[in-house]
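I opened the model to look up a few contacts and backbone angles. My notes follow.

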Amino acid sequence: MHDDDQHDELIARVADELRAPVALDPAFDARVMAEVRRAAPSRWQRALRWWTEPRPLRVSPLTGLACAAGVAALLVVGTVSLRPASPSPMKGAVATGVAVPAEPGSEMVQFVLVAPQASSVAVVGDFNDWDPRRTPLRAEAAGGVWSVNVSLRSGQHQYAFVVDGKEWRPDPAAPRAVTDDFGSPNSVIVVGGKST
Amino acid sequence: MALGEASAEHPAERREWREEIHRALERLEADQREAFLLKHVEDLSYEEMSALTGAGISALKMRVKRACERLRVMLGEVQHA
């Protein structure tokens with residue numbers, strides 16, 4: 001009996017020992033935190049990683065289709081808005097001279113005039129001795145849009161449109177010239193980004 | 001002095017006593033070790049142990065009894081060594 005009590009006491013001591021909290025090295029916390037700080041990236045490293053590391057994106061087919069449609073719409077809008085000859089719904093005359101790259105020292109400029117009632121349109125300017133016969137505009141298929149491409153040397157040029165061989169019109173889409181040598185308003189175009 | 005009476009004043013002996021306990025526990029059958037720890041260390045009732053382990057109460061009592069007997073033998077040998 002006494003032996004049993006001793007053994008029960010033994011079990012109690014075993015249980016006490018197993019219940020006792022495990023004593024950790026006092027420096028343990030400090031070592032763990034130092035390791036965590038060493039491993040943790042800074043805010044900038046995290047931001048850089050967010051931008052540079054590839055990661056899978058989950059996109060539904062519908063979203064993908066919408067993105068593709070958006071890109072296609074941007075391309076269409078961009079292409080259309082880059083075309084200077086796009087007809088304007090405005091009745092009367094709308095025109096513009098747009099410079100496009102050509103040979104060095106000069107650029108190809110497209111002159112456009114919307115003149116639905118006109119039977120002929122020409123552009124005259126300091127680049128063709130103001131001669132209405134030298135640079136006629138061609139009528140496009142619809143909308144009364146007239147256009148011609150002219151190679152102009154870099155610099156500032158004055159010009160105007162001659163409608164039906166007699167009516168002198170400035171380009172409604174271009175700035176007017178300050179000086180007017182022939183008694184009619186002229187327009188100004190600057191080719192190559194510098195004026196002469 | 002026997003290992004089982006090691007005190008906090010003798011950390012080396014206490015560590016040795018703890019290691020002996022763990023060695024003895026490792027030598028128990030897994031179900032006996034589980035039953036002993038739940039009963040004597042976690043202080044669960046046999047009903048709670050039964051709900052936890054799914055074993056019957058009488059089986060758990062038998063496992064605890066056998067675990068205690070084996071621990072007494074193994075640690076008694078150490079204690080009287």
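**Helix contact in chain B**

I looked up which residues touch, and found that Glu34(B), Ala35(B), Leu38(B) and Lys39(B) of helix 2 of chain B meet Met49(B), Leu52(B) and Thr53(B) of helix 3 of chain B. I call two residues in contact if their C-beta atoms, placed from the backbone, lie within 7 Å. By class, this contact of helix 2 with helix 3 of chain B holds 4 nonpolar, 1 polar and 2 charged residues. Nonpolar here covers Ala, Val, Leu, Ile, Met, Phe, Trp, Tyr, Cys and Pro; charged covers Asp, Glu, Lys and Arg; the others, Gly among them, are polar.

This is a predicted model, where local features need pLDDT of at least 70 and side-chain atom pairs pLDDT 80 or more, while totals for chains, interfaces and linings use all residues. Residues are numbered from 1 along each chain as its sequence is written, and chains are lettered from A and ligands numbered from 1 in the order written.

I checked the axes next. Those of helix 2 (residues 30-41) and helix 3 (residues 46-53) of chain B come within 10 Å and cross at roughly 135°. Axes are lines fitted to C-alpha atoms over the stretch in contact, with angles from 0 to 180 degrees between N-to-C directions. Helix 2 and helix 3 of chain B are therefore oblique to each other; that term takes what is left after under 35 degrees (roughly parallel), over 145 (roughly antiparallel) and 65 to 115 (roughly perpendicular).

**Chain B overall**

I counted 4 helices and 0 strands in chain B. Helices (H or I, at least four residues) and strands (E, at least two) are DSSP runs, numbered from the N terminus. Of its 81 residues, 27% count as buried. Buried means 20 or more other C-beta atoms within 10 Å, exposed 12 or fewer, partly exposed in between, with C-beta atoms placed from the backbone.

**Where the chains meet**

I found 9 residues from chain A and 12 residues from chain B in the contact. The chain A side has 5 nonpolar, 1 polar and 3 charged residues.

**Positive phi in chain A**

Most residues other than glycine have a negative phi. I noted Trp130(A), with phi near 55°. Trp130(A) sits in the loop between strand 3 (121-125) and strand 4 (138-139) of chain A. It is partly exposed, because it has 16 C-beta neighbours inside 10 Å. Asp164(A) also has a positive phi, about 55°. Asp164(A) is in the loop between strand 6 and strand 7 (167-169) of chain A, and is exposed, with 12 other C-beta atoms within 10 Å.
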